[in-house]
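Subject: A structure for you to explore

Hi there,

Here is the structure I promised to pass on to you. Please open it next to this email and follow along as you read.

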Amino acid sequence: MKLGIFTPVFGKLCTEKMLAKVQSLGKVQAIELGTGAWPGSDHLKLDDLMNNPAKARDYRRMIADAGLTISALSCHGNPLHPRKNLASADDELFRKTVCLAERLNVPVVVTFSGCPGDCETAAHPNWVTTAWPPEFLEVLEWQWECKTLPYWRDATRFARDRGVKVALEPHPGFMVYNVETALRLRAEAGDNLGVNFDPSHFFWQGVDPAVAIRALGGAIFHVHAKDVAIDPSNVAVNGVIDAKSYRRMNERSWLFRTVGWGHDALAW
């Protein structure tokens, strides 16, 4: 296992200065690079590297000369979005990212499973979180059978044919958000689809990350080290489902935190 950094945390630095910063940290051996969508693409130009093999070789050499490897390329989008233009853009980004990973000899592409709407004419994603009233289950089954499974069977095949693994980050708001949903999709799409394990999204749901790791086993392709601090008083009043702005820190049931500022060293 290699200790790495997801480079958007240094998004204000140019690529050369980002690499120098990472080198200065000492024990870091790898970097994860965003290619677009939610993490952005601060440190690479996807189309330039895709359209110019020489630039791609130079880019890879630059990373190697810094004593680093690329652990993953990331494009956290929603290819299942009910708005066709948004889904198409994120799907195109995903496929370009897979092709660039093949060219750069990067083993993994990290992304989200996405979430569709509740019907063909929907305008917004609809994340179902309860089995009642019964129409919610009808929506959920339609989302899986008509949108999620067909898309990811094809997308996983596309990546497998290019020697690249797909690591979906389980995240509430999307179809894959816990162990059960991740393994359901993997069983249908094939074992070239796995998980980017980020315990922060599990902690606040009440999941024990150590037990989740055991359940996922070889389905874990990549890892993010991110923590969550849970406010017991706010949870006691409102539970853990919390859609308030992260800026309302004192009122929220939980907040993202740096490792060790949510759970102690023993937990980690």
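How many disulfides does the structure hold? The structure holds zero of them, a disulfide being a pair of cysteine sulfur atoms within 2.5 Å.

Before going on, here is some background. This is a predicted model, in which local features need pLDDT of at least 70 and side-chain atom pairs count only at pLDDT 80 or more, while totals for chains, interfaces and linings use all residues. Residues are numbered from 1 along each chain as its sequence is written, and side-chain values use heavy atoms, with hydrogens and water left out.

Cys75 is in no disulfide, and the nearest cysteine sulfur, that of Cys99, is 11 Å away. Cys75 counts as buried, at 2% relative accessibility. Here, buried means under 20% relative accessible area, exposed means over 50%, and partly exposed is in between (1.4 Å probe, protein chains only). For Cys146, the closest cysteine sulfur is in Cys119, and the 12 Å to it is too far for a bond. Cys146 counts as partly exposed, at 44% relative accessibility.

**The sheet**

Helices (H or I, at least four residues) and strands (E, at least two) are DSSP runs, numbered from the N terminus. Seven strands form an open sheet in the order β1-β2-β3-β4-β5-β6-β7, with parallel pairing. Which strands stand at its edges? They are β1 (4-6) and β7, each with a single partner strand, so one side of each is left without a neighbour in the sheet. On average, neighbouring strands of this sheet are turned by 30° against each other, direction ignored. For such angles, axes are lines fitted to C-alpha atoms, for helices over the stretch in contact, and angles run from 0 to 180 degrees between N-to-C directions.

Two strands pair if DSSP finds at least two bridges between them. As a general point, strands of a sheet pair through backbone hydrogen bonds, either parallel or antiparallel. In this model, β5 and β6 pair in the parallel sense over three bridges. The bridge partner of Ala167 is Gly194, in β6.

**Helices on the sheet**

Helix α6 (residues 179-189) has these buried residues: Val179, Thr181, Ala182, Leu185, Arg186 and Ala189. What do they pack against? Their partners are α5, β5 (165-168), β6 (193-197), α7 (200-203), α8 (209-216) and β7 (220-223), with contact meaning heavy atoms within 4.5 Å. α6 lies across β5, β6 and β7 and runs at about 155° to β6. α8 lies across β6 and β7, running at about 160° to β6.

Now look at the two ends of α6. At its start, a side-chain oxygen of Asn178 reaches to within 3.4 Å of the backbone nitrogen of Glu180. After α6 comes Gly190, whose phi is positive, near 110°.

In α8 you will find Ala212, which is buried with a relative accessible area of 4%. Leaving aside neighbours within four places in sequence, Ala212 is in contact with Val179, Phe197, Phe202 and Val207. Ala212 and Phe197 are 15 residues apart along the chain, and their C-alpha atoms are separated by 9.3 Å.

**Nonpolar cores**

A nonpolar core is a set of buried Ala, Val, Leu, Ile, Met, Phe, Trp, Tyr and Cys residues joined through side-chain atoms within 4.5 Å. The largest one has 54 residues, and Ile31, Phe94 and Trp152 have the most contacts inside it. Helix α5 (residues 134-160) supplies the largest share of this core, seven residues. Another core lies apart from it and has five residues, among them Ala72, Val108, Ala167 and Phe221. If you select Phe94, you can see that it touches Cys75, Val109, Thr111, Tyr151, Trp152, Ala155 and Val166, not counting residues up to four places away in sequence.

**Backbone details in the loops**

Ala37 has a positive phi of about 60° although it is not a glycine. It lies in the loop between β2 (30-34) and α2 (46-51) and is partly exposed, at 35% relative accessibility. Asn105, also not a glycine, has a positive phi of about 60°. Asn105 sits in the loop between α4 (84-104) and β4 and is exposed, with a relative accessible area of 56%.

Finally, the peptide bond from Trp132 to Pro133 is cis, with omega near 0°. Pro133 is in the loop between β4 (108-111) and α5.

Enjoy exploring!

Best wishes

Conventions: Polar contact = N/O pair within 3.5 Å; in protein donor to acceptor, adjacent residues only side chain to side chain.
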